[in-house]
Amino acid sequence: MTTEPAAAGKGLRPARTNATRQKLFDASMELIGERGAAGVTVDEIAAAAGVSKGTVYYNFGSKSELIAQLLRHGVDILKARLLEAADSGGTGRDPLLAMEAMIGQAMDFMAEYPSFARLWVSENWRIPSEWQGTFSVLRSELLEVIGQAVEKVAAAYPVDDSVSRGSLETAIFGACFVVGLDRQTYNPERTRDQSVAAIMAIMRGYVLREPAPRG
């Protein structure tokens, strides 16, 4: 199992099984979505997941470490989906289409786990945050995946070199969370494709010229 570097400030114990971790993740996200991380107890998380409180403490040590590990678990799910979308279609695939597929997967993740997105948005920019080190590590991992996709676009198309690559990656990253969460919370009538198209407008603005459509 992937563990965080010591720089993240969390010496986490690995969960006994992926199934236990997923049950705790699902239960925690539902409860946190209702009351926020501070308003949820380990007893409530354990009861909702159908495990004992001792199991939670054995695997994670404390509520703080439980939340940190659940953030890791959620990012692992999202990152795996992004990488799968980026790799589908083979090496000859248009990198803009690959980016579009990645953003679509991000929208699907936000729809499936809206409470994770709320936790991320509410805590990620809070200073100080109890999980600031954890967020820093996980944010860097997701930005690296996005950065690799942007790099492939830049290799295939003429792009605007005046645009900061880091700022572009951050804009796409932030838009996925905010647009996905806004759709779930305030605008459920918006379709997945509309949300993806809005975020892709950022990427298409970076590309100076796309091939003319055939026909």
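Which element gives the most to the lining of the largest cavity? The answer is α5, with five residues, and the paragraphs below lead up to that cavity from the overall fold.

The structure is a predicted model, in which local features need pLDDT of at least 70, side-chain atom pairs count only at pLDDT 80 or more, and totals for chains, interfaces and linings use all residues. Residues are numbered from 1 along each chain as its sequence is written, and side-chain values use heavy atoms, with hydrogens and water left out.

The protein contains nine helices and zero strands, where helices (H or I, at least four residues) and strands (E, at least two) are DSSP runs numbered from the N terminus. Along the sequence the pattern therefore reads α-α-α-α-α-α-α-α-α. Of the 215 residues, 45% are buried, a term that denotes under 20% relative accessible area, as against exposed at over 50% and partly exposed in between (1.4 Å probe, protein chains only). Among contacts (heavy atoms within 4.5 Å) with a separation of 6 or more, 74% join residues 24 or more positions apart. The protein exposes about 10,600 Å², of which carbon and sulfur atoms supply 52%; these areas come from the Shrake-Rupley method with a 1.4 Å probe, and for residues only the protein chains shown count as cover.

Helix α1 (residues 18–35) holds S28. This serine is buried, because its relative accessibility is 0%. Leaving aside neighbours within four places in sequence, S28 is in contact with I45 and L70.

Helix α4 contains I77, which counts as buried because its relative accessible area is 16%. Not counting residues up to four places away in sequence, I77 touches Q22, F25, F109 and Y113. I77 and F109 are separated by 32 residues in sequence, while their C-alpha atoms are 8.5 Å apart in space.

In α6, the buried residues are S115, F116, A117, L119, W120, E123 and N124. These residues pack against α1, α4, α5, α7 and α8. The loop between α6 (114–124) and α7 (132–156) carries S129. With a relative accessible area of 10%, S129 is buried, and beyond four places in sequence it touches E123 and F135.

The model has one cavity of 30 Å³ or more. On a 1 Å grid over the protein atoms alone, a cavity is a set of points where a 1.4 Å probe fits but cannot get out, and lining residues have an atom within 4 Å of a point. Grid points are joined across faces, edges and corners, and a volume is the space filled by probe spheres set on the points. The largest cavity holds about 110 Å³ of space. Its lining consists of 13 residues, with L82, A106, I146, F173 and C176 nearest the centre. The elements that give two or more residues to this lining are α4 (63–87), α5 (95–112), α7 and α8 (165–185). The lining comprises 13 nonpolar residues, no polar and no charged, where Ala, Val, Leu, Ile, Met, Phe, Trp, Tyr, Cys and Pro count as nonpolar, Asp, Glu, Lys and Arg as charged, and the others, Gly among them, as polar.

Key:
1 Å grid on protein atoms, 1.4 Å probe; cavity = no way out; pocket = protein on both sides within 12 Å on 5 of 7 lines; lining within 4 Å.
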